[in-house]
Amino acid sequence: MIITVTLNAAIDKTLEVPNFRLGRRHRSVEQRTMAGGKGVNVARAVKRLGQPVIATGFAGGPAGTRIVEQLTDESILNDFVRIREESRTNTAVLDPTSGEQTEINEPGPEVTEREVELFSDKLLYLAQGAQIVVFAGSLPRGIEPDLYASLVRELRKLGVTTVVDSDGDPMRHAVRAEPSVVSPNVLEAEELVGHEFNDDEDRTIAVRELVELGAQEAIMTVADGCFAHVIEDGGPSLYRVRVELREPRAAVGSGDAFLAGYVSARYTGSPPAECLRFGVACGAESTQHLGAGVIEPRDVERIIEEITVEPIEIPAEVS
């Protein structure tokens with residue numbers, strides 16, 4: 001079983017608005033409203049890939065009820081802790097004429113200490129039947145930034161593979177807790193290591209630095225694929241995975257689809273290079289759909305043939 005954790009779950013509304021301009025009145029030509037938050041998006045894609053998954057986290061108020069109902073309608077198993085304050089709503093405006101995308105994300109509810117304790121107990125109970133737990137997204141208000149880190153440590157005692165995709169202080173604490181995998185994008189990785197990347201050499205060194213910070217493996221997603229430092233045959237391997245960029249319909253959630261593909265392949269026992277290949281294919285395919293975590297498995301299989309996986313030399317130890 002794969003568990004996805006979304007502590008700041010949301011109702012995600014995506015609007016297609018041609019020629020979008022600030023300060024103007026517009027009419028959308030298409031819209032889609034879905035249960036969201038990074039972990040929920042990952043769960044949706046994992047479900048579409050045919051792997052067993054449970055989505056958990058916090059859900060509050062009418063929006064929280066809607067999140068749970070929508071996941072149930074999609075036949076996604078879920079077990080959320082109900083909280084007093086209402087879950088957030090996020091809005092993305094996509095301009096199909098320019099390809100630009102504007103996102104407005106609410107901060108989310110304030111969560112009490114007791115609600116956090118209930119969730120921690122629930123997760124550790126669910127994890128007894130899980131192989132992989134994915135922590136994805138931001139933390140709502142009221143939660144200490146080291147929560148992911150403390151849960152990673154507890155799950156490691158159970159022998160569960162832990163994957164973290166977050167940013168800021170929650171990610172910084174989580175990396176030091178030695179999770180199995182961290183998967184930031186470029187901006188998140190730059191924040192973690194403390195400097196900007198100018199070229200592919202910098203990006204190559206960066207995934208090594210993420211491992212030096214504590215993660216067992218590190219994957220940094222980029223527009224056309226990823227850089228990854230993984231454990232293979234008992235030792236480290238470094239890969240650059242590329243896919244030819246295609247004209248996107250919407251890029252919202254492509255990183256979540258990548259992570260879902262990677263985790264699904266890892267769950268089935270695929271070698272690291274093939275897990276990365278499959279993840280990149282899922283991320284690329286997801287850009288053809290309106291709505292995060294939406295992928296078409298048959299099209300993923302076609303994209304796989306276009307992807308190159310290049311082993312590269314392990315850089316020197318970061319001093």
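Strand S13 and strand S14 (residues 308-312) pair in the antiparallel sense over five bridges; strands count as paired if DSSP finds at least two bridges between them. Within this pairing, Arg-240 stands opposite Glu-310 in S14. The model is predicted, with pLDDT of at least 70 required for local features and 80 or more for side-chain atom pairs, while totals for chains, interfaces and linings use all residues. Residues are numbered from 1 along each chain as its sequence is written, and side-chain values rest on heavy atoms, without hydrogens or water.

Strand S13 (residues 235-242) also pairs with strand S12 (residues 225-232), antiparallel and through eight bridges. Here Cys-226 stands opposite Val-241 in S13. The hairpin of S12 and S13 has two residues between the strands, and Asp-233 takes a positive phi near 55 degrees. Strands are DSSP runs of E with at least two residues, helices are runs of H or I with at least four, and both are numbered from the N terminus. S13 is mostly covered, with six of its eight residues buried. Buried means under 20% relative accessible area, exposed means over 50%, and partly exposed lies in between (1.4 Å probe, protein chains only).

Charged side chains come next. Side chains of opposite charge can pair when their charged atoms come close. The whole structure holds 19 salt bridges, each a side-chain nitrogen of Lys or Arg within 4 Å of a carboxyl oxygen of Asp or Glu. One of them joins Asp-256 and Lys-38, at 2.6 Å from N to O. Asp-256 belongs to helix H8 (residues 254-267) and Lys-38 to helix H1 (residues 38-48), so this bridge ties together parts that are 218 residues apart in sequence. Asp-256 is buried at 3% relative accessibility, whereas Lys-38 is partly exposed at 27%.

Arg-208 is buried at 8%, and Glu-212 is partly exposed at 37%. Glu-209 also lies in helix H7 and is buried, with a relative accessible area of 14%. The side chain of Glu-209 makes a polar contact with that of His-195 at 3.1 Å. A polar contact is a pair of N or O atoms within 3.5 Å; within protein, one must be able to donate a hydrogen and the other to accept it, and residues adjacent in sequence count only if both atoms are side-chain atoms.

Glu-296 and Arg-298 form another salt bridge, 3.2 Å from N to O. Glu-296 is partly exposed at 24%, while Arg-298 is exposed at 62%. Elsewhere, salt bridges with shared partners join Arg-84, Glu-85, Glu-110 and Arg-141 into one network.

The search also finds three aromatic pairs. Rings of Phe, Tyr and Trp (its six-membered ring) pair if their centres lie within 6.5 Å; planes under 30 degrees apart are stacked, over 60 edge-to-face, and the rest tilted. Phe-58 and Phe-119 make a tilted pair, 5.4 Å centre to centre with 50 degrees between the planes. This pair links distant parts of the chain, 61 residues apart: Phe-58 is in strand S4 (residues 53-60) and Phe-119 in helix H3 (residues 113-126). Phe-58 is buried at 1%, as is Phe-119 at 0%. The rings of Phe-258 and Tyr-262 have centres 6.4 Å apart and planes at 15 degrees, so they are stacked. About one helical turn separates these two residues, because they are four apart in helix H8. Phe-258 is buried at 4%, and Tyr-262 is buried at 3%.
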